[in-house]
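Have the model open beside you as you read.

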Amino acid sequence: MKWVFINDDFFEEDKAAIQISDLSLQRGYGVFDFFRTVNNKPLFIEDYLNRFYQSAKAIFITVPLEREQLKEVVFKLTEKNNLPESGIRITATGGYSPDGYMPVEGNIIIQQQPLKLPPKEKYENGMKIITHEYVRDLPAVKSINYLMGVWLQKEVKEKQADDVLYYKNNVISEFPRSNIFIVNNNGELLTPASNILAGITRKKVLELAKDVMPVTARDIGTNELMNAVEVFMTSTTKRLLPIVEIDGKKIGDGKPGKITARLYELFLKMEQKETAPAAAGA
Ligand SMILES: Cc1ncc(COP(=O)(O)O)c(C=O)c1O
């Protein structure tokens with residue numbers, strides 16, 4: 001049996017509930033964040049909590065728990081559930097708005113679920129993606145609203161792709177749930193700087209890559225994307241995944257690239273260092 005935390009107490013998962021008048025259900029208004037535990041230790045928790053509170057503030061949601069209290073709840077939840085390799089989702093909703101429109105103090109929900117990363121073949125063979133012209137509303141906010149991403153699932157499946165990349169006016173931004181990087185033929189690593197969610201995996205990759213090659217965050221045109229030598233995506237649930245085909249066209253030699261593999265190895269090392277059992281009590 002799994003435990004869930006809502007506002008001020010732990011509940012068994014099948015008894016955990018909030019009322020239907022919440023703005024999250026009525027208007028899709030709320031924010032969340034999602035991080036992994038490795039060896040029972042939350043990975044990069046400070047970065048995720050920074051983003052969570054920033055998202056809430058940006059859309060006028062008051063989180064009913066202070067940061068230190070929230071952290072304590074996360075640690076208690078990991079003890080109670082004992083799911084060493086998991087995903088933890090923290091959601092803050094728009095709350096029980098008297099007029100059904102204006103956000104008030106939100107409900108906070110903290111859930112934990114077992115998590116499996118993509119199978120080895122995805123890392124070895126790479127991903128095929130399609131593109132779609134769109135920018136998320138308030139892209140810097142990790143909103144609970146994935147209307148376009150979920151709606152596009154049908155097209156992604158029909159085109160036998162793995163994911164869909166957003167672009168607007170010939171400038172690329174991100175995937176519904178991941179960021180994008182390219183390596184160009186000058187050996188530079190580039191990632192979009194605007195109309196994106198600042199991914200935590202993206203942040204770590206930018207830090208790691210600085211010691212390997214020139215790195216720049218700036219606007220990237222769709223032409224530049226199609227002519228890239230390597231392309232990869234980053235997210236909490238995927239780490240780094242190579243992309244080998246975009247809208248039916250092969251990228252580079254059509255195989256996962258060496259720089260992607262090198263950065264993936266560096267990311268794994270960083271993750272292991274952060275979550276080594278010896279560091280668990282630190
Ligand atoms: C819109 C969007 N962009 C990018 C990301 C990747 O961010 P992270 O590396 O923090 O998972 C996510 C994560 O879910 C996302 O929802």
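The questions and answers below set computed values against the definitions behind them.

Q: How do you know which parts of the model count?
A: This is a predicted model, where local features need pLDDT of at least 70 and side-chain atom pairs count only at pLDDT 80 or more, while totals for chains, interfaces and linings use all residues. Residues are numbered from 1 along each chain as its sequence is written, and side-chain values use heavy atoms, with hydrogens and water left out.

Q: Why is Asp33 called buried?
A: Buried means under 20% relative accessible area, with over 50% exposed and partly exposed in between (1.4 Å probe, protein chains only). Asp33 has a relative accessible area of 0%, so it is buried.

Q: What makes the side chains of Asp33 and Arg51 a polar contact?
A: A polar contact is a pair of N or O atoms within 3.5 Å; within protein, one must be able to donate a hydrogen and the other to accept it, and residues adjacent in sequence count only if both atoms are side-chain atoms. The side chains of Asp33 and Arg51 are joined at 2.7 Å, and Arg51 also has a side-chain N or O atom 2.8 Å from an oxygen atom of the ligand.

Q: Which other atoms of the protein lie at such polar distances from the ligand?
A: A polar side-chain atom of Tyr146 is 2.7 Å from a ligand oxygen atom, and for Ile200 a backbone N or O atom is 2.8 Å from an oxygen atom of the ligand. Taken alone, the ligand exposes 390 Å², of which the protein buries 95% (Shrake-Rupley method, 1.4 Å probe; for residues, only the protein chains shown count as cover).

Q: Which residues come nearest to the ligand?
A: A residue is near a molecule or strand if one of its heavy atoms lies within 4 Å of it. There are 17 residues around the ligand, and Lys142, Tyr146, Ile200, Thr201 and Thr236 come nearest.

Q: What makes a residue a contact of Asp33, and which residues does Asp33 touch?
A: Contact means heavy atoms within 4.5 Å. Leaving out residues up to four places away in sequence, Asp33 touches Tyr48, Arg51, Phe52, Ile88, Arg89, Ile90 and Lys142.

Q: Where is Asp33 found, and what makes that element a strand?
A: Strands (E, at least two residues) and helices (H or I, at least four) are DSSP runs, numbered from the N terminus. Asp33 is found in strand 3, residues 30–38, and Phe34 is found in strand 3 too.

Q: Is Phe34 buried or exposed, and how do you know?
A: At 14% relative accessibility, Phe34 counts as buried. Among the residues that Phe34 touches are Tyr48, Lys142 and Thr236.

Q: Why does Ser235 count as buried?
A: Its relative accessibility is 6%, so Ser235 counts as buried. Ser235 lies in strand 13, residues 230–235, and touches Arg177, Ser178 and Thr201, not counting residues up to four places away in sequence.
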